[in-house]
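Here is a short briefing on one protein model. Look over the sequence and the coordinates before reading on.

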Amino acid sequence: MTTKRHADEIDARLLLALTDEPRATTIALADKAGLSRNTVQARLNRLDDNGMLKSFERRVSPAALGYPLAAYMLANVKQRRLDDVAEALAGIPEVLEVHGLSGVADLLIHVVAKDADDLYRTAGRILDIKGVKRSNTALVMRKLVDYRIKPLLDELGNGSGG
């Protein structure tokens, strides 16, 4: 049985340095985090091996690609078709991410569109997936808090993390 290891204060210092400067070299990260180069390299390797680091791809604004509308769809699916539905959703370029939920809906689907007609087309494509029973779409009017991890790293780095 594998156990999930959580980041500690040293990991937090390293990850904060990496968050501030994603392209930093190991030596630059070591200097900024106040750690040795070997410690930084070993910690990065361990974080990567344990699946604690996510993709380093740059976050590109969908609007810059011609997709200014964002929406979230709540979808109800036949449970035994969940894997097939997820696979079909992964094949739709306008679907940015999908989360499995508990509660009133089974899936939360983040989609982008070029305009209202494109959103209608994408929603229809999702509804056409075998196993999707119904959906409810909410248009994003304005993003109030963007994805962030730095506040959690700050808290952990200060020794006050849960």
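How many bridges join β2 to β3? Five bridges join the two strands, and β2 and β3 run antiparallel. Strands pair when DSSP finds at least two bridges between them. This is a predicted model: local features need pLDDT of at least 70, side-chain atom pairs count only at pLDDT 80 or more, and totals for chains, interfaces and linings use all residues. Residues are numbered from 1 along each chain as its sequence is written, and side-chain values use heavy atoms, with hydrogens and water left out.

**Strands β2 and β3**

- Glutamate 97 stands opposite histidine 110 in β3.
- The hairpin of β2 and β3 has six residues between the strands. In this hairpin, glycine 103 takes a positive phi near 110 degrees.
- Strands (E, at least two residues) and helices (H or I, at least four) are DSSP runs, numbered from the N terminus.

**Helix α5**

- Helix α5 covers residues 116–127, twelve residues in total. From first C-alpha to last it reaches 16 Å, close to the 16 Å expected at 1.5 Å a residue. The expected span is 1.5 Å times one less than the number of residues.
- Aspartate 115 caps the N-terminal end of α5. One of its side-chain oxygens lies 3.1 Å from the backbone nitrogen of aspartate 117.
- Asp118, Leu119, Thr122, Ala123 and Ile126 are buried in α5. Buried means under 20% relative accessible area, exposed over 50%, and partly exposed in between (1.4 Å probe, protein chains only).
- Seen down the axis of α5, the buried residues fall within an arc of 135 degrees, so they line one face of the helix. The arc is that of the directions from the helix axis to the C-beta atoms.
- An α-helix has 3.6 residues a turn, so residues three or four places apart point the same way.
- Asp117 and Tyr120 are exposed on the other side of α5.
- The buried residues of α5 pack against β1 (69–77), α4 (82–90), β2 (95–100), β3 (107–113) and β4 (132–139).

- Isoleucine 126 sits in helix α5. Its relative accessible area is 0%.
- Beyond its neighbours within four places in sequence, isoleucine 126 is in contact (heavy atoms within 4.5 Å) with Met73, Leu89, Ile92, Val95, Ile109, Val111 and Val132.
- Asparagine 76 lies in strand β1. This asparagine is buried, at 14% relative accessible area.
- Leaving aside neighbours within four places in sequence, asparagine 76 has contacts that include Val104, Asp106, Gly131 and Arg134.

Terms used. Polar contact = N/O pair within 3.5 Å; in protein donor to acceptor, adjacent residues only side chain to side chain.
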